[in-house]
Amino acid sequence: MTPQFGQGTWNMGEDPARRSEEVHALQLGMDLGMTMIDTAEMYADGGAEEVVGEAIADRRSQVYLVSKVYPHNATRRGVVQACERSLKRLKTDYLNLYLLHWRGNVPLAETLEGFERLKRDGKIRDYGVSNFDTADMEEALALKGAVMANQVLYNLKRRGIEWDLLPWCRERGIPVMAYSPLESDRKEQQRFLAEPVLQQLAQQHSATPAQIALAWLAHQEGVVAIPKAMRPEHIRANRAALDIRLTAADLAALDKSFPPPRRATPLDML
C-alpha cells in the first residue's frame with residue numbers, strides 16, 4: 001500500500017434509490033486513479049460492500065480493496081466467517097487488506113490468529129487494524145502480528161496522533177489511513193471549511209478549502225486519506241487536491257490556525 005488518496009464508503013448502501021449513483025461515483029474515482037476503496041461489514045449492514053462489489057465488477061485487478069470486521073465477529077473462527085460473508089457481498093475471492101474495525105472483548109491474539117489463517121488461505125493479502133492507539137499497536141506487534149496499516153480519525157482539526165502514534169507508525173513503515181479527512185458531521189464540516197486560513201489559501205491556490213485540507217493530508221508522510229464523495233464534481237475536486245503544492249509558508253499558516261498537539265491525548269474516534 002502506497003500513500004495516495006482512496007475512496008471511503010461510509011453511509012453508502014443505505015438507500016436503494018441511490019445505488020446507481022454510488023456505483024458510478026466509485027467508478028469515476030477509479031477512472032481518476034483513486035483505486036483504493038475502503039468499506040466495512042458495518043456500513044449499511046453489508047450494503048456498502050454490495051455497492052462496492054457492483055462498482056468493481058470486471059475491474060477487480062485495478063482495485064486495492066479494504067474491508068473491516070466487527071469486533072464481536074473477530075474470534076478465531078468468527079473472523080473467517082465474517083470475511084467469507086464480506087467476500088460474497090463484494091463478489092471477489094480476496095481482500096487486499098482486512099482490518100479489525102476497533103478493539104472489543106475478543107483477545108487480540110485470537111483475532112490475529114484468524115487473520116493469519118485467512119492470509120494462509122489466500123482470502124486476504126494483508127491485515128491491519130483501525131482505531132488503535134500506540135499501546136494497542138505495541139501489543140499487536142508483541143504478539144508477532146504482521147499489522148500492515150492502522151486506520152484512524154485524522155485531519156487538520158484532529159492532529160492528536162502526531163504526538164506519538166503517527167511517528168511510531170512511520171518508524172515501523174506502517175501506513176496510517178485517515179478517515180473523515182474533512183470531518184463527517186455536516187455542521188462540523190461547514191465550520192471547519194469556513195476557517196479563514198483555509199479560505200485564504202484556497203483563494204491563493206485557485207482551489208477550495210476542502211482541497212487545501214486534503215492537500216495538507218497528502219503532504220503528511222505515510223498517510224493515506226480516504227475521503228468519501230458522491231457528486232462527480234466533488235470526486236474530481238478530491239483527485240485534483242493531490243496536485244496542489246503547499247509551500248512552507250502555507251504549512252506554517254495552517255499550523256498556526258490548527259496547532260499540532262503539545263501533549264499526549266486520547267485517540268479521537270467516530
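Modeller: A residue counts as buried when its relative accessible area is under 20%, and as exposed when that area is over 50%. The model we are reading is a predicted one.

Biologist: Let us start with the sheet. How many strands form it, and in what order?

Modeller: The sheet is open and has eight strands, in the order β1-β2-β3-β4-β5-β6-β7-β8, with parallel pairing. At the edges stand β1 (6-8) and β8, each of which pairs on one side only. From one strand to the next, the twist averages 25°.

Biologist: Which way do the side chains of strand β7 point?

Modeller: The general idea first. Along a regular strand, side chains alternate between the two faces of the sheet. Now the case here. In β7 (residues 176-179), Val176 and Ala178 point one way, while Met177 and Tyr179 point the other way. All four of these residues are buried.

Biologist: Which strands does β7 join by bridges, and how many bridges are there to each?

Modeller: Strand β6 (residues 147-153) is joined to β7 by four bridges, and the two run parallel. Three bridges link β7 to strand β8 (residues 223-225), again in parallel. Met177 shows both sides: Gln151 stands opposite Met177, and in β8 the bridge partner of Met177 is Val224. Further along, Leu153 stands opposite Tyr179.

Biologist: What do β6 and β7 make together with helix α6?

Modeller: They make a β-α-β unit, with α6 covering residues 165-171, and the unit is right-handed.

Biologist: Which strands does helix α3 lie across?

Modeller: Helix α3 (residues 78-90) lies across β3 (64-69), β4 (95-100) and β5 (124-130). Its direction is at about 135° to that of β4.

Biologist: How do I read the buried side of a helix, say α10? Which of its residues are buried?

Modeller: An α-helix has 3.6 residues a turn, so residues three or four places apart point the same way. In α10 (residues 232-241), the buried residues are Ile235, Asn238 and Ala241. Looking down the axis of α10, these buried residues fall within an arc of 120°, so they line one face of the helix. The elements that cover them include α1 (19-31) and α9 (209-219).

Biologist: Next, cysteines. How many disulfides does the count come to?

Modeller: A disulfide is a covalent bond between the sulfur atoms of two cysteines. To be counted, the sulfur atoms must be within 2.5 Å. The count by this rule is zero disulfides.

Biologist: Last, backbone angles. What is the phi of Asn131, and what is that of Lys144?

Modeller: Asn131 has a phi near 60°, which is a positive value in a residue other than glycine. Lys144 is not a glycine either, and has a positive phi of about 65°.

Notes:
Residues are numbered from 1 along each chain as its sequence is written. This is a predicted model: local features need pLDDT of at least 70, side-chain atom pairs count only at pLDDT 80 or more; totals for chains, interfaces and linings use all residues. Side-chain values use heavy atoms; hydrogens and water are left out. Buried means under 20% relative accessible area, exposed over 50%, partly exposed in between (1.4 Å probe, protein chains only). The arc is that of the directions from the helix axis to the C-beta atoms. Contact means heavy atoms within 4.5 Å. Two strands pair if DSSP finds at least two bridges between them. A crossover is right-handed if, with the strands pointing away from the viewer, the path from the first strand over the helix to the second runs clockwise. Axes are lines fitted to C-alpha atoms, for helices over the stretch in contact, and angles run from 0 to 180 degrees between N-to-C directions.
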